[in-house]
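Hi there,

Here is the structure I promised to pass on to you. Have a look at it first, and then read on for what turned up in it.

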Amino acid sequence: MFENLSERLQKVVSNIKSKGVINEDNISDITREIRLCLLEADVNVKIVREFIDSVKEKALGEEVRKSIKPGDMFVKILKDELVNLLGGDSAPLEVNKKPTIVMVVGLQGGGKTTTIGKIGNMVRKKHHKKPMFIACDVYRPAAIDQLKDIGKQLNIEVYEEGKGNPVEISKRGIEYAKSKGYDYILIDTAGRLQIDETLMDELVNIENEVKPVKMLLM
């Protein structure tokens, strides 16, 4: 999700930087594109409206109008507002629990599986953990094979049972990980849409079963 949003916003930024001046006319076109980017990334309509209003107010301020490079000033405003929208300060990964159980969730096509590989490799090298992956995306074609391929490349074990019940798979996967001494467990869940109540309920059931210390949204 964030990867696609980033690509769209990069195109907007390129367009902004070409502007010799920021005014009511061209800022309407720019903010319209930003609004579409955020809405298509499933950001709440009310939040998008408030975000756009704040960006426009600051972009039309005296500081931008007097700037030598108004396009660059606008980009800084946009960046600051995006950071504020996403929560400001970053939060470090939890690594001290034994075992540390992390669920990776998000929309379809959000890059969950590849991110799991990156996190697993990082905690092993940086924090000297022994990671394991659990394959609970039993719906997307080849999702399990993709996770297994990543695990093979990184020499990280993947627990999978094929097209079974994700809640039961997660439970048995955690038991297996504990028995083998794995201390950092990453659960790959099925990509879902906000309106898909069945998959959302499944996510809640997995959380209740394994009690992860962290849920990461991709």
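Strand 1 is largely enclosed by the rest of the structure, because six of its six residues are buried. Buried here means under 20% relative accessible area, while exposed means over 50% and partly exposed is in between, using a 1.4 Å probe and protein chains only. Strands are DSSP runs of E with at least two residues, helices are runs of H or I with at least four, and both are numbered from the N terminus. Before going further, please note that this is a predicted model, in which local features need pLDDT of at least 70, side-chain atom pairs count only at pLDDT 80 or more, and totals for chains, interfaces and linings use all residues. Residues are numbered from 1 along each chain as its sequence is written, and side-chain values use heavy atoms, with hydrogens and water left out.

Back to the strand. In a regular strand the side chains alternate between the two faces of the sheet. In strand 1, T100, V102 and V104 point one way, I101, M103 and V105 point the other way, and all are buried.

Which strands does strand 1 pair with? Strand 1 (residues 100-105) pairs with strand 4 (residues 184-189) in the parallel sense over five bridges, and with strand 5, also in the parallel sense, over four bridges. Two strands count as paired if DSSP finds at least two bridges between them. On the strand 4 side, V102 stands opposite L186 and M103 stands opposite I187. In strand 5, L216 is the bridge partner of V104.

Now for the whole sheet: it is open, has five strands in the order 3-2-4-1-5, and its pairing is parallel. Strand 3 and strand 5 (214-217) are the edge strands, each pairing on one side only. Helix 6 (residues 112-126) packs on the sheet and touches strand 1, strand 2 (131-136), strand 4 and strand 5, with its direction at about 175° to that of strand 4. Helix 9 (residues 197-210) packs on the sheet too, touching strand 1, strand 4 and strand 5, and its direction makes about 175° with that of strand 1. A contact means heavy atoms within 4.5 Å; axes are lines fitted to C-alpha atoms, for helices over the stretch in contact, and angles run from 0 to 180 degrees between N-to-C directions.

The structure holds one aromatic pair. It is formed by Y159 and Y176, which are tilted, at 5.4 Å centre to centre and 40° between the planes. (Rings of Phe, Tyr and Trp, the last by its six-membered ring, pair if their centres lie within 6.5 Å; planes under 30 degrees apart are stacked, over 60 edge-to-face, and the rest tilted.) Y159 is buried at 15% relative accessible area, whereas Y176 is partly exposed at 24%. Elsewhere, the charged end of K130 sits over the ring of Y182, 4.7 Å from its centre. That label needs NZ of Lys or CZ of Arg within 6 Å of the ring centre and within 35 degrees of the ring normal.

Finally, the overall count: the chain has nine helices and five strands, and buried residues make up 44% of its 218 residues.

Happy exploring!
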